[in-house]
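Me: I'm new to this structure and would like a close look at one part of it, the backbone in the loops. Could you walk me through that slowly, and then show me what else is worth a visit?

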Amino acid sequence: MNNLKLAEDLISSICEKGFAERQGEDSGKLSVCDPATGRVVAVIPLCQGIEITDKFDSAAVAQIEWSALLPDERSSVLLRWANLIEQQKESLAALLSLEQGKPIGESALEIAATIDNVRWSAQEVLKIENVNLKPHLPEAQNVIIYQPVGVVAAITPWNFPSAMVTRKAAPALAAGCAVVLKPAEDTPLSAMALVHLAWEAGVPNGAFSYVILDRDSAPLFSDVAFSHPAVRMASFTGSTAVGKKLVMQSAKNVVKLSLELGGNAPFIIGKQADLEKAIEGAFASKFRNAGQTCICANRIFVHEDVYDSFLTGLLKRIASAKVGNAFADGVEIGPVINKQAYERLAAYADSLLSDGAKEVEIQGESSNDDLDIKGYFVQPRLFECVKGCVLLKQEIFGPIAALVKYGDSDDVAQMANDTEYGLAAYIYDENKQRAERLAALLQYGMVGINETRIAHASIPFGGVKQSGIGREGGPESPKNFMNIKYICKT
Ligand code: ADP
């Protein structure tokens with residue numbers, strides 16, 4: 001079946017269950033648009049303040065029974081959830097592409113990661129065991145046990161509308177926590193479909209629910225969450241600016257935070273880089289999801305010895321990339337998420353130019369005559385920037401590549417670290433020792449050496465400095481949603 005039809009059918013089934021409508025009045029409702037055409041694909045009633053409180057109240061009640069289940073029982077429910085997602089993977093990928101805009105192949109990969117997150121949590125929770133400690137008194141028996149932290153408030157972004165839901169909710173549910181989720185206003189349908197499947201798998205409705213809000217009313221969610229006595233943890237992926245607000249709000253009830261915030265990834269190409277690999281890596285890292293990921297290459301530092309060859313190769317690679325609708329054949333770059341992003345990127349490119357950057361024309365760019373003029377398509381652009389360009393301290397979050405040339409006398413680690421962010425960094429260099437030495441100097445939570453595919457359920461994803469607090473996924477995954485309780489017996 002064609003992908004658009006799959007997505008439309010899934011939206012129809014959400015509407016038939018009464019959770020959304022095809023059309024409706026704008027007031028009190030959230031309109032979900034296809035960023036490739038600007039068309040409204042669904043309209044969802046907004047949650048009111050009192051309903052948000054009700055969801056947290058219900059979560060507090062549901063948490064008691066859910067956490068009383070054995071880890072094996074919760075794990076089985078999660079595995080059923082993973083299987084249900086897998087059974088619907090084509091429809092979920094199509095829905096993701098429709099509301100978010102990423103090419104269907106990227107959505108398929110995201111749904112695979114969505115499933116991995118659930119299976120990983122279901123497996124890892126079974127490994128959690130009490131730990132016997134050395135006695136600190138001759139007669140003491142000391143033990144550590146792990147218990148669910150409490151109700152979790154989860155806030156997810158629009159750039160990975162499915163994978164971020166399970167990266168937060170699956171380990172929290174596995175740990176025995178109840179979760180109230182607020183999906184991003186641009187992409188709520190993927191999240192809703194996933195929560196409905198979790199209910200079908202046997203997660204009680206109260207133990208996992210969602211709150212639909214628009215941009216203006218989003219702060220209501222954190223206001224209610226951080227005031228509710230049952231909420232003991234909040235997990236957020238989004239901008240550093242919003243993350244900082246949540247840090248302030250969390251002080252009220254001293255709520256634990258897991259924050260995955262902005263990035264400003266340096267992509268460093270050494271003089272002994274395998275240029276073919278480096279060009280493909282830079283292209284993938286820069287233009288995946290139309291440049292809208294927090295681990296996208298933001299500043300591409302290229303050694304002067306290989307600069308010209310790299311530039312020529314990257315230009316050629318960009319020229320071969322088709323911009324277009326997620327469902328069209330051969331498309332590698334979809335639209336950006338919305339009008340604000342579209343306008344912000346145009347203004348950013350203008351500022352780069354007035355700051356002394358030089359735009360390099362991309363010769364022979366594929367023709368994109370068939371693009372819907374109402375869609376938020378941004379053609380890829382490439383700028384050669386001066387060293388120390390202050391604009392490169394910002395996260396670009398779009399299909400704009402910024403290159404900076406460096407030489408032997410430049411301290412590239414210092415240049416790369418000259419930012420308030422510290423999420424992901426990349427090094428391309430066949431001199432393994434030099435690459436590893438550089439990796440050790442980079443103030444980042446994750447470093448890819450000759451590799452850009454660094455995210456997976458099994459790795460601890462997260463940053464340092466203003467890129468966040470805590471890690472998601474990896475061996476500590478469900479434990480992040482648990483408290484350590486130490487018991488001393490004599
Ligand atoms: P972006 O600019 O990429 O949308 P944001 O950090 O602004 O990133 O938003 C990420 C998520 O945080 C979205 O789901 C948004 O609705 C939500 N959000 C924004 N402000 C708040 C807030 N004050 N409280 C709770 N959620 C918020």
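**A walk from the loops to the ligand**

Reply: Let's begin with Phe397, which sits in the loop that links strand 15 (381-385) with strand 16 (400-406). Please keep in mind that this is a predicted model. Turn to the backbone of Phe397 and you will find a phi near 55°, a positive value in a residue that is not glycine.

Asn289 is placed between helix 10 (275-287) and strand 11 (297-303). Its phi is positive too, at about 55°, although Asn289 is not a glycine. With a relative accessible area of 2%, Asn289 is buried.

Now for a glycine. Helix 6 itself covers residues 163-175, which makes 13 residues. From its first C-alpha to its last, helix 6 reaches 18 Å, close to the 18 Å expected at 1.5 Å a residue. How many of its residues are buried? The count is 13 of the 13, so helix 6 is largely enclosed by the rest of the structure.

Next, please find the ligand. It is surrounded by 15 residues, and the closest are Lys182, Glu185, Arg215, Ser222 and Ser239. Three of these can be followed atom by atom. Arg215 has a polar side-chain atom 2.4 Å from an oxygen atom of the ligand. In the side chain of Ser239, an N or O atom is 2.6 Å from a ligand oxygen atom. Ser222 places a polar side-chain atom 2.7 Å from a nitrogen atom of the ligand. How much of the ligand does the protein cover? Taken alone, the ligand exposes 550 Å², and the protein buries 86% of that.

Let's finish on the surface. Val131, Leu133 and Tyr486 form a nonpolar patch there, and together they have about 240 Å² of accessible area. Val131 belongs to strand 3 (residues 131-133). Is Val131 buried, partly exposed or exposed? Its relative accessibility is 33%, so Val131 counts as partly exposed.

Methods
Residues numbered from 1 in each chain as written. Predicted model: local features only at pLDDT ≥ 70, side-chain atom pairs only at ≥ 80, totals over all residues. Heavy atoms only, no water. Patch = residues over 30% accessible without salt bridge, like charges linked within 9 Å, V, L, I, M, F, W, Y side chains within 5 Å. Areas by Shrake-Rupley, 256 points an atom, 1.4 Å probe, with all protein chains shown as cover. Salt bridge = Lys/Arg side-chain N within 4 Å of Asp/Glu carboxyl O. Helix = DSSP H or I, 4+ residues; strand = E, 2+ residues; numbered from the N terminus. Buried < 20%, exposed > 50% of the residue type's maximum accessible area, 1.4 Å probe, protein only. Near = heavy atom within 4 Å. Polar contact = N/O pair within 3.5 Å; in protein donor to acceptor, adjacent residues only side chain to side chain. Expected span 1.5 Å × (residues − 1).
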